Every structure is written in structure tokens, then in C-alpha cells.
Amino acid sequence: MRALLLRDLKLAVRAGGGFGLGLAFFLIVVTLVPFGVGPQAEILAPIAPGILLVGALLACLLSLDRIFALDYEDGSLDLLATAPVPMEAVVSMKALAHWLVTGLPLTLASPLFGLLLHLDPKGYIWLVSALLLATPALSVLGTFGAALTVGIKRGGLLLSLLVLPLYVPTLIFAAELVRRGAEGANVEAPALVLAGITLACAALVPFASAAAIRINLR
């Protein structure tokens, strides 16, 4: 499993598998918003949490179609499916690699992007906390969409249509967490729900993804 994780990380860096791509897209979104709604702090500050979370969500979508595509094209996915390793574990490692390459950099860079949108200083720690809780779920759900569309040529649009509705609950509670944190309100409820969503996804979704891969490889 460690070798598979290291292999996916190397591919992400060497083959343009998403390393830096999400950050670049996130920066573009954050840069364009002030041009569309105005650069005034009183306009940007209230919508900053939502814009940042939506930007991070969309950035996670960019590299989802590559999670299994390279392995499918070179035949590695067939070998992994017949190897004495549970496919669920393979899917989990793929999701972890995607999070390390995409979700974690987005989380670490979010305070800097928050400055560009005049995010309330009280909201920075909650923005990072929300992304730390939310982005693993985005990666795990993304592997499910990638498993459903593996082998489909130009399936990126279909993948986005399948995955985006699954992202909505995570987005809602992450935005609520940041909003309450910035206002000084109680954040326990949205934080617990967000953590519950991530844990449930990590525990259940790999089984669905593994089943989808087995069906597509038949």
C-alpha cells in the first residue's frame, strides 16, 4: 500500500496528475471574483467563505478523472484488481494520494487566498478547519465518480455531473462552520456533522468504488 501511495504521488508530480493544478485554479477563481462583484471589502468579506469553499470544491474536480485513468490505460488497474490486495484498500490509497496532492495544498493555501477576499480575521482558523474536515470527503467521493466513469473516453463532464451533487452536503456544513466561527457563534454542530460525513465516506465509499471498478473491468 505504501508503494502504491508513493507511486501515485510521483505520477501526480511528474505526469501533471494535479499537483499545482488545483492551486492555480483556486487562485484564478479568487482573483476573478473581485472583478465580478467589486473590490470593496464590505462586499467581499460576507461572501468570502462561500467563494473560498466553492473554489476549493471545484479545484478538487480538476484531477478526479486521472485517479484511475492512467492505471486503466496501461493495464495496471487490471493487475491491481487481480492482486492479493483488497480493491477497497487500493481505492483508499488512491483517495489519500489525491488528497495529499490536491486537498492538503488547498487547505494550507486558503488563508493566503482569504486575504485577497478580505475574509474576517476570525474566520481564518475556521476556514482551515473546515477544509481539513471537508477535503478528505471530497477526495473519497471523487474516487467513486472516477470509478464509475473509468474506461469512458472524455468522461470528465459526466464525472463532474455525478460527483457535484454528492459534494453539496459537505459544502453546506463547511460554509456554515466558517460562517459561525467568523461570527463567534457555536460551531460544534456543523463541525460534528462535517466530521461525520467525512468518516462515513471514508468507511463506506471505498466499497462502492471497488464494486464499480470490478463491474467496469468485466
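Biologist: How many helices and strands does the secondary structure come to?

Modeller: The protein has nine helices and zero strands. Helices (H or I, at least four residues) and strands (E, at least two) are DSSP runs, numbered from the N terminus. This is a predicted model: local features need pLDDT of at least 70, side-chain atom pairs count only at pLDDT 80 or more, and totals for chains, interfaces and linings use all residues. Residues are numbered from 1 along each chain as its sequence is written, and side-chain values use heavy atoms, with hydrogens and water left out.

Biologist: What share of the 218 residues is buried?

Modeller: Buried residues make up 44%. Buried means under 20% relative accessible area, with a 1.4 Å probe and protein chains only.

Biologist: What makes helix 3 roughly parallel to helix 7?

Modeller: The axes of helix 3 (residues 41-61) and helix 7 (residues 124-149) cross at roughly 30° and come within 11 Å. Axes are lines fitted to C-alpha atoms, for helices over the stretch in contact, and angles run from 0 to 180 degrees between N-to-C directions. Angles under 35 degrees count as roughly parallel, over 145 as roughly antiparallel, 65 to 115 as roughly perpendicular and the rest as oblique. Therefore helix 3 is roughly parallel to helix 7.

Biologist: Which residues meet there, and of what class?

Modeller: Leu52, Leu53, Ala56, Leu57 and Cys60 in helix 3 meet Leu127, Leu131 and Leu138 in helix 7. Contact means heavy atoms within 4.5 Å. By class, the contact has eight nonpolar, no polar and no charged residues. Ala, Val, Leu, Ile, Met, Phe, Trp, Tyr, Cys and Pro count as nonpolar, Asp, Glu, Lys and Arg as charged, and the others, Gly among them, as polar.

Biologist: How do you know that helix 2 is roughly parallel to helix 6?

Modeller: Helix 2 (residues 21-37) packs on helix 6 (residues 87-116) at about 20°, with the axes 11 Å apart. That angle makes helix 2 roughly parallel to helix 6. The contact has nine nonpolar, one polar and no charged residues. Gly22 in helix 2 is among the residues that meet helix 6.

Note on methods: Buried means under 20% relative accessible area, exposed over 50%, partly exposed in between (1.4 Å probe, protein chains only).
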